[in-house]
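Good morning, colleagues. Please look at the sequence and the structure on the screen while I take you through them.

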Amino acid sequence: LGIAAARSLHYQFYLYYFHSLPVLLWMTPFPPALRLALWIGIEGAYNVYPPTAASSTLLQLCHVALLLGLWLAREPGGDAKAKAKTT
């Protein structure tokens, strides 16, 4: 949440959560193509030097989409828990 709300973003921030991005994207209910597009968008936005308004906007939009996807995602293991309650 802090990364999405930061006023300025530096490459060091990306290092903090780069390795967790695949897991975070996998937890969203998005189709695989959108997950990959978000990952490419975040990576591409961080690889623009010097940062531009377009790359910053892209990065913020990708982060908002990721946060929205995580918020909309069902609870991890929800199907297994539901099946266990019915048996």
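Thr28 sits in the loop between α3 (21–26) and α4. The model is predicted: local features need pLDDT of at least 70, side-chain atom pairs count only at pLDDT 80 or more, and totals for chains, interfaces and linings use all residues. Residues are numbered from 1 along each chain as its sequence is written, and side-chain values use heavy atoms, with hydrogens and water left out.

Is Thr28 buried or exposed? Its relative accessibility is 3%, so Thr28 counts as buried. By buried I mean under 20% relative accessible area, by exposed over 50%, and by partly exposed anything in between (1.4 Å probe, protein chains only). Leaving aside residues up to four places away in sequence, Thr28 touches Arg35, Leu66, Gly69, Leu70 and Ala73. A contact here means heavy atoms within 4.5 Å.

Let me turn to the chain as a whole. There are 6 helices and 0 strands, in the order α-α-α-α-α-α from the N terminus. These elements are DSSP runs numbered from the N terminus, helices being H or I with at least four residues and strands E with at least two. Of the 87 residues in the chain, 22% are buried. Among contacts between residues at least 6 apart in sequence, 62% join residues at least 24 apart. The chain exposes about 6,300 Å², of which carbon and sulfur atoms supply 71%; accessible areas come from the Shrake-Rupley method with a 1.4 Å probe, and for residues only the protein chains shown count as cover.

Next, helix α4. This helix, residues 32–46, has 15 residues and reaches 21 Å from its first C-alpha to its last, close to the 21 Å expected at 1.5 Å a residue. The expected span is 1.5 Å times one less than the number of residues. Which residues of α4 are buried? They are Arg35, Leu38, Gly41, Ile42, Ala45 and Tyr46. Seen down the axis of α4, these buried residues fall within an arc of 125°, so they line one face of the helix. The arc is that of the directions from the helix axis to the C-beta atoms. On the other side of α4, Pro32, Ala33 and Ile40 are exposed.

Leu36 also belongs to α4, and its relative accessibility of 47% means that it counts as partly exposed. Together, Leu36, Trp39 and Ile40 make a nonpolar surface patch of about 290 Å².

Leu21, in helix α3, is buried, with a relative accessible area of 0%. Not counting residues up to four places away in sequence, Leu21 touches Tyr14, Trp39, Ile42 and Leu66. Leu21 and Leu38 are 17 residues apart along the chain, and their C-alpha atoms are separated by 9.7 Å.

Between α4 and α5, the loop contains Pro50. The peptide bond from Tyr49 to Pro50 is cis, with omega near -10°.

Finally, helix α5, residues 53–72. At 1.5 Å a residue its 20 residues should span 28 Å, and its end C-alpha atoms are 28 Å apart, which agrees. Buried in α5 are Ser55, Leu59, Cys62, His63, Leu66 and Gly69. Viewed down the axis of α5, they fall within an arc of 125°, so they line one face of the helix. The face turned away from that buried side carries the exposed residues Ala53, Ala54, Leu61, Val64 and Trp71.

Note on methods:
Patches are made of residues with over 30% relative accessible area and no salt bridge: like charges are joined within 9 Å, nonpolar side chains (Val, Leu, Ile, Met, Phe, Trp, Tyr) within 5 Å. A salt bridge is a side-chain nitrogen of Lys or Arg within 4 Å of a carboxyl oxygen of Asp or Glu.
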